[in-house]
Amino acid sequence: MLQELLCRHKDVLMILPYVAIVQEKISGLSSFGIELGFFVEEYAGSKGKFPPIKRREKKSLYIATIEKGHGLVNSLIETGRISSLGLVVVDELHMIGEGSRGAVLEMTLAKILYTSKTTQIIGMSATLNNVEDLQKFLQAEYYTDQFRPVELKEYLKINDAIYEVDSKAENGITFSRLLNYKYSDTLKKMDPDRLVALVTEVIPNYSCLVFCPTKKNCENVAEMICKFLSKEYLKHREKEKQELIKNLKNINSGNLCPILKRTLPLGIAYHHSGLTSDEKKLLEVAYSTGVLCLLTCTSTLAAGVNLPARRVILRAPYVAKEFLKRNQYKQMIGRAGRAGIDSTGESILILQEKDKQQVLELISRPLENCYSHLVQEPSKGIQTLFLSLIGLKIATNLGDIYHFMSGTFLGVQQKILLKEKSLWEITVESLRYLTEKGLLQKDTILTENGLIQKDVICKSEEEFQYSFHITKLGKASFKGTIDLAYCDILYKDLKKGLEGLVLESLLHLIYLTTPYDMASQCDPDWMIYFRQFNQLSPAEQNAANLIGVSENYIGKKASGQAIKKKVDKDIINRLYLSFVLYTLLKETNIWRVSEKFNMPRGYIQNLLTAAATFSSCVLHFCEELEEFWVYKALLVELTKKLTYCVKAELIPLMEVTGVLEGRAKQLYNAGYKSLTHLANANPEVLIKTIDHLSRRQAKQIVSSAKMLLHEKADALQEEVEELLRLPSDFPGVVASPIEKA
């Protein structure tokens, strides 16, 4: 990466799977950028500028999520700047085979390969099997290595016996030892899997992760272990644990989860999506510095931020109710062993006798194959791809589109994946669907035989020449990266909003930016819904009526009455989620909103992040359609409110990567009220004035603030020079901008 940025003077794109990892990398690499003279730019959530600012002096390292990376590549192709990208690094490349996100990653890489012959792609993964297919797709060399900085030993636990995984043994395992721990009858009932025995062999002096099948199980296991630990555990780093509890209360307006209140004094916490980002961040830092010695967590932690452990325990060979896949197993046990700290790492999978055969197969079989997902969900895959190919003018006729498809991961795997229809048939059908939906228009072209009007599926020369162009609605959907399953509903909702948009409160506007996919998964509590509805002002009730939800309907649902009238459940659910977001923006206290709606606070925060991202998408959608000009200014402000959801004075501080609400409040109260204040702060002074801030964190905050300040200053400088530059189409003699100035 540094070679591309500093020696070849090219930009670099790094694609990572999750927002948290993007932010971790931004924090870690900003200091390199400051010292070596390149920009580090964040593309995650609603952050990121399209197209990116064109910089003449310094080059940029873009660190992006899968979705934002796709948007970035699209904007570079559209502005003719894709060749400025020297290198693309994809971490966790196996995600190309995971649902609609995999389809987006495949589209991104296929476009880069097709439009730029000078951009190098490097993909990394520890859990890939059918590498040959990916090699063919990426036209790549393959490098593999079994090196691991810390040795990993794998064990299975059946009853009280522990077996070591040994590929040379007859059935793949050899007996290692019996668990030696005195269990009372009470403890045997409470802890039939002997988890307490396994964790107390390593904690508190070493760290331990316990992977559990469900979120509820994480909480229960954390509490159960704490019940049987001796009081000696309370003394281990007691002062720092009290500091952690104090900080958790500070970021949550005095609130603390009752389970964490009981487990934290013993150095134990749970970690799953029910926690807020602020809470996770504090717990992760406490764990990585040894203040906490044990986390009970769900499988998502295995693919998220880097939190290694001396011992990793898998509570059961299940994720929810699904039996563990080899890839998931490898990801989880891969957390065992901390480079530079431990000489060895170990994993223990706890299993029941009934699962023994399946587990023996699990530990010996190869990793699962990776398959293209372009045709699994067409509206998020192949249809979106075709719309962008035509919108970006990468390929506009049937022959070129089919040629492009032949070079995709799907094209490579078509013989395996496409049994009922050929790639040609799927291509023609998808284009026909987009045309019928009004997103594309077919051009009639003149050939020697006259106008082509037929629409048959055959590979004739004439058929290959069929040409398409994108419609205004198609361009808006493509620019806004709107799921094509919802683009016509969004258009109708925005159109209907123009007839009577209620602006006395934010509710109506929030409804228009509440994500459709989250509404379809929502299950409202009707009593809460009715109570919230009754608290609406007359203007807000008017907005609800315009949307199509009546108080009468909600009242009947709350009282359990049968309703004969047919209603659109998605509209009802979407308004319910809008109430959650609206209440959150008014109160900015996630705990109160969590209690009010009886929802996990982590879910509410995910809803807020999704709404901020979707609001940004709707803004780009509206920018392409003149009739929606009125929404533009409104959505700019709403996106900002949804992104930060804090008092206005904290927003400049929260623009800095890694500064969440709790930390922003601390900094603001200590007198650091702007980006400039933070960029010029002394890390040593920060450590003394801000509670629970490590030296590493302080340095990262200052580096990230400096980087952001430099980026903004450079963008303004570019703007000044652009204003003073003589236009290329200026008539007559060409003069330098300096002379003109």
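The model is predicted: local features need pLDDT of at least 70, side-chain atom pairs count only at pLDDT 80 or more, and totals for chains, interfaces and linings use all residues. Residues are numbered from 1 along each chain as its sequence is written, and side-chain values use heavy atoms, with hydrogens and water left out.

Helices (H or I, at least four residues) and strands (E, at least two) are DSSP runs numbered from the N terminus. Two packed helices are described by the angle between their axes and the distance between the axes. Axes are lines fitted to C-alpha atoms, for helices over the stretch in contact, and angles run from 0 to 180 degrees between N-to-C directions. Angles under 35 degrees count as roughly parallel, over 145 as roughly antiparallel, 65 to 115 as roughly perpendicular and the rest as oblique. A crossing is left-handed if the near helix is turned anticlockwise from the far one by less than a right angle, and right-handed if clockwise. Contact means heavy atoms within 4.5 Å.

Helix 16 (residues 382-391) packs on helix 17 (residues 398-406) at about 125°, and their axes lie 11 Å apart. The two helices are therefore oblique to each other. Their crossing is right-handed. Helix 16 contributes Ile 382, Leu 385, Phe 386, Leu 389 and Ile 390 to the contact, while helix 17 contributes Ile 401, Phe 404 and Met 405. This contact has eight nonpolar residues, with no polar and no charged ones. For these classes, Ala, Val, Leu, Ile, Met, Phe, Trp, Tyr, Cys and Pro count as nonpolar, Asp, Glu, Lys and Arg as charged, and the others, Gly among them, as polar.

Helix 17 also packs with helix 4, at an angle of about 115° and with axes 10 Å apart. That makes helix 4 roughly perpendicular to helix 17. This crossing is right-handed. Ala 110, Lys 111 and Tyr 114 of helix 4 meet Asp 400, His 403 and Phe 404 of helix 17. By class, three of the contact residues are nonpolar, one is polar and two are charged.

Helix 31 and helix 32 form another pair. Their axes come within 9 Å and cross at roughly 160°. The helices are therefore roughly antiparallel to each other. Their crossing is left-handed. Among the contact residues are Leu 608, Ala 611 and Ala 612 of helix 31, and Tyr 631, Lys 632 and Leu 635 of helix 32. The contact has 11 nonpolar, four polar and two charged residues.

Helix 31 (601-623) and helix 32 (629-644) each give two or more residues to the lining of the second largest pocket, as do helix 2 (19-36), strand 2 (39-43) and helix 37 (695-724). Helix 37 supplies the largest share, eight residues. The pocket has a volume of about 1,100 Å³. Its lining has 33 residues, and Ser 46, Lys 47, Gly 48, Lys 49 and Glu 655 lie nearest its centre. The classes are 12 nonpolar, nine polar and 12 charged. On a 1 Å grid over the protein atoms alone, a pocket is an open set of points with protein on both sides within 12 Å along at least five of seven lines, a cavity is a set where a 1.4 Å probe fits but cannot get out, and lining residues have an atom within 4 Å of a point. Grid points are joined across faces, edges and corners, and a volume is the space filled by probe spheres set on the points.

A search of the whole structure finds one cavity of 30 Å³ or more. The largest cavity has a volume of about 40 Å³. Its lining includes Phe 211, Cys 212, Pro 213 and Ser 299. Nine lining residues are nonpolar, one is polar and none is charged.

Local backbone features complete the account. A cis peptide bond joins Phe 50 and Pro 51, with omega about -15°. Pro 51 sits in the loop between strand 2 and strand 3 (60-64). Another cis peptide bond joins Ile 203 and Pro 204, with omega about 5°. Pro 204 is in the loop between helix 7 (195-200) and strand 9 (208-211). Glu 92, a residue other than glycine, has a positive phi near 55°. Glu 92 lies in the loop between strand 4 (85-91) and helix 4 (99-115).
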